[in-house]
Amino acid sequence: MATGIKDKVAILGMGCSRFGERWDASPDDLMVEAFAEAIADAGIERDRIEAAWLGVFYQEQGVARSGLPLSLALRLPNVPVTRVENLCATGSEALRGAVYAVAAGAADIALAFGVEKLKDTGFAGLPERTKGTFDDLWQPGFTPPGAFAQLGAAYAARHGLPMADVKRAMAHVSWKSHENAVHSPKAHLRNRITIDQALAAPMVAYPLGLYDCCGVSDGAACAIVTTPAIAASLGKRDMVTVKALALAPSNGVEMGHASWDGGHTLTTRIAAQRAYKEAGISDPSREINLMEVHDCFSITELVLMEDLGFSAHGRAVHDILDGRYDRDGAVPCQTDGGLKCFGHPVGASGLRMAYEIYTQLLGRAGERQLASPSLGLTHNLGGIPNRNVASVSVLGLHRGQ
Amino acid sequence: MNAFGILQFGAYLPRLRLERSAIAEATGWAAGLRGGKAKGARSYCAWDEDSLTMAVEAARDCLSGRDRGEVAALTFASTTHPFADRNNAGVVADALDLRPALRTLDSAGHQRAGVSAMLDAVRTARSGAGTTLVVAAESRAAKPASEQESRFGHGAAAVLIGTGPDLAAEWIGDATLRADFVDHFRTAEAETDYAYEERWVRDEGYLALMPQTIKAALGAIESAVVKHLVVQGPQRFATAVAKASGIAATAVIDDLHAECGDTGVAHPLLLLGAALERAQAGDIVVVASFGQGCDAIVLRATGRKASQGRGCAGAVASGVPNREYLRFLSNSGVVAIDWGMRAERDNRTAQPAAWRRHRDVTAFVGGRCRKCDTVQYPLARACVNPACREFDTQVPEPLAEKAGRIKTFTEDWLAVTRSPPHVYGNVELEGGGNVFIEFTDTRPGESSVGLPVRFVFRVKDYDVLRGFHRYFWKAVPVRN
């Protein structure tokens with residue numbers, strides 16, 4: 001019987017590039033920037049890495065297909081590099097690969113990498129992408145904001161809430177992330193905004209205004225993982241271990257079956273339950289100290305608070321407006337600014353989230369440091385609300401003797 | 001002897017109606033004396049409509065409440081078929097999910113293409129070869145500031161021709177006169193017409209050719225008993241033809257210039273619909289078509305309603321006047337708006353996949369699970385019902401005529417569309433099923449969760465690199 005991943009793998013070191021419109025940087029530059037930090041943090045030689053997983057989503061944008069780009073950029077000693085892609089959960093998928101390799105005993109030390117170079121084509125926004133030979137014939141020509149905006153009207157209708165109330169909570173979500181990003185030196189958008197600014201912003205896709213949408217950014221993030229025993233032998237005392245890695249892809253229900261109400265993310269609920277079980281969490285609101293969720297759009301973060309079990313059904317609007325997820329709230333969310341302000345280089349985002357949890361758990365978060373957190377959650381939603389891949393990971397502090 | 005004739009009638013006019021005063025306002029500086037007649041409005045295609053999509057909508061209206069299995073042949077008449085070498089009638093037949101053993105023919109090349117097809121259809125019926133659906137649609141382009149720009153309209157009409165106890169109009173007679181009279185022409189290479197002096201067209205064309213053809217069609221019937229006369233052409237020509245034919249001026253059916261304009265090949269069929277809507281049982285109706293000669297048809301109304309759907313009156317009433325001359329030019333392809341980098345997406349159609357799933361897409365046929373009765377789109381190998389998930393249990397389930405309600409939606413100002421915002425969302429189907437689909441003909445602010453919608457056949461994507469475009473169904477709000 002499977003025993004789960006809890007505490008079998010520790011993070012030896014992590015790195016994250018500065019996110020943003022990195023006109024100055026090539027994909028190689030971003031990878032080297034993140035790796036230099038991680039390898040120094042790990043305190044090992046590069047050649048100790050025995051296998052690597054590279055997460056890239058938009059290969060159209062120049063990072064290229066296959067595992068080669070990572071092997072070439074880091075001049076790895078011909079160790080296996082596997083390229084993975086699972087929509088916006090790509091970075092978390094790379095982490096899964098590396099963590100499972102270590103847990104399986106196939107490698108002592110493995111590298112998980114996520115990188116995306118979105119700003120090299122002169123095209124604003126995420127690239128248009130074919131949905132395949134059949135789906136293009138019938139699926140709407142949607143954009144990410146338009147696809148996620150669907151949650152807004154359906155959520156409001158489902159809970160009988162005026163859109164104005166939902167919009168105010170959405171504005172609070174974005175305002176909070178901007179406040180947090182001010183103290184997040186590597187974040188893409190580090191300016192403050194007001195609630196009124198968010199509410200008055202031009203409409204992108206009803207009900208989402210400009211400030212309800214995350215940034216399109218370049219960036220890279222990575223993790224070097226090993227067993228707790230090896231980490232200890234390398235001199236690590238307090239370390240961050242993996243408590244749970246859950247993944248749940250849609251199987252068609254949301255897009256094709258009447259049971260989905262349009263106002264929640266079904267796969268998140270499934271992945272969250274699996275992750276809580278694997279990590280041994282019975283009450284996430286009390287046990288989890290911080291979270292980095294997939295706030296590609298403010299409405300996504302809003303419904304996720306319910307899907308992840310932090311707010312009761314229909315209560316997210318009130319909890320958000322009460323400040324429950326602010327940096328000084330009960331369960332701080334997006335302490336680094338989130339996708340909204342730290343930025344969203346798709347393949348790197350899952351690992352960027354893990355980086356923030358790791359940084360906070362080790363007490364290295366500087367001005368935005370929370371008071372001694374011990375358990376953090378990351379969540380990705382790849383795809384669109386009615387067809388997606390959800391990933392929920394839990395990382396925890398494992399105190400040394 | 002069996003009676004033959006018109007079983008049913010259907011019509012479609014685009015919702016968009018451009019007020020002619022807006023054309024005059026925009027082009028008056030250039031049009032000079034030609035800019036005079038600025039009354040009423042003309043119909044024009046939405047960005048995702050063409051002759052073919054209008055033909056499908058008119059045909060659906062024509063087939064309202066009928067068993068589509070009775071249709072043995074389909075003729076699609078137009079001078080603006082979207083494809084020069086692809087069976088346009090075949091696409092219409094596919095959209096209507098008609099039987100595979102269906103004779104499909106495109107009738108084209110002149111303004112009589114619609115009425116001539118009706119003459120053939122009645123001969124087909126008499127020969128025992130079954131019922132023909134004749135659908136005519138037209139979306140002619142015109143040069144800015146031209147007389148045609150203001151006079152033309154876009155639209156479609158359909159008639160079902162056959163035999164049976166439920167005829168709406170009995171076919172009494174017809175006559176044809178061919179004459180290579182060039183009142184206007186459009187070469188195969190040209191986008192727009194070249195037209196000659198109206199007075200010559202009236203005197204040597206309409207008045208010289210039409211009355212004799214009408215007389216031949218009437219045979220023993222006195223022209224004075226004709227109660228309704230349709231003449232394909234401007235109202236003043238129709239009035240002159242009536243007078244020359246000995247038909248009362250009050251019989252002349254209004255040319256709908258004020259409501260939609262001249263819809264070309266579709267127009268005599270559309271006006272026939274108007275005539276049948278007002279005809280009493282026993283009324284004699286004459287339809288005279290003009291284009292390199294004349295076709296004339298004599299019908300006797302039976303008293304049965306020709307239209308079981310929106311009909312001509314409903315099509316006319318569906319219009320919403322607007323003054324967006326630049327939108328009209330954009331939709332007509334005269335002006336190329338910059339739709340931005342997102343519009344550069346390659347919309348190449350993967351024909352092997354499109355052919356494999358053509359019934360799913362063109363006819364909008366999904367699946368119904370035989371085990372759990374769940375309706376789903378698209379049909380898949382395994383049932384989507386989470387409580388079922390059985391393999392290979394689904395049978396085809398037509399969805400196009402189902403009603404639906406909006407479950408989720410957005411109005412997306414970022415996505416590519418030639419009519420922002422791009423509106424799309426999830427629609428819950430009556431009787432089960434959920435489909436993620438584009439909306440069309442929807443104003444910003446009009447959509448809401450729970451709003452009833454129906455489906456219409458439209459252009460899904462343009463492939464500007466290859467000149468191809470593909471069709472699919474879209475949701476529109478149900479309007480009374």
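Strand S12 (residues 284–290) of chain B is mostly covered, with 7 of its 7 residues buried. A residue is buried if 20 or more other C-beta atoms, placed from the backbone, lie within 10 Å of its own. Strands (E, at least two residues) and helices (H or I, at least four) are DSSP runs, numbered from the N terminus. The model is predicted: local features need pLDDT of at least 70, side-chain atom pairs count only at pLDDT 80 or more, and totals for chains, interfaces and linings use all residues. Residues are numbered from 1 along each chain as its sequence is written, and chains are lettered from A and ligands numbered from 1 in the order in which they are written.

In a regular strand the side chains alternate between the two faces of the sheet. From S12(B), B:Ile284, B:Val286, B:Ala288 and B:Phe290 point one way, while B:Val285, B:Val287 and B:Ser289 point the other way; all are buried.

Strands count as paired if DSSP finds at least two bridges between them.

| Partner strand | Sense | Bridges |
|---|---|---|
| S11(B), residues 226–231 | parallel | 5 bridges |
| S13(B), residues 293–301 | antiparallel | 7 bridges |

B:Ala288 in S12(B) stands opposite B:Val231, and B:Val287 has B:Ile297 in S13(B) as its bridge partner. S12(B) and S13(B) form a hairpin with 2 residues between them, and B:Gln292 in the turn has a positive phi of about 50°.

The contact between the chains takes 31 residues from chain A and 40 residues from chain B, where two residues are in contact if their C-beta atoms, placed from the backbone, lie within 7 Å. On the chain A side, H4(A) gives the largest share, 7 residues.

Conventions: Buried ≥ 20, exposed ≤ 12 C-beta atoms within 10 Å, placed from the backbone.
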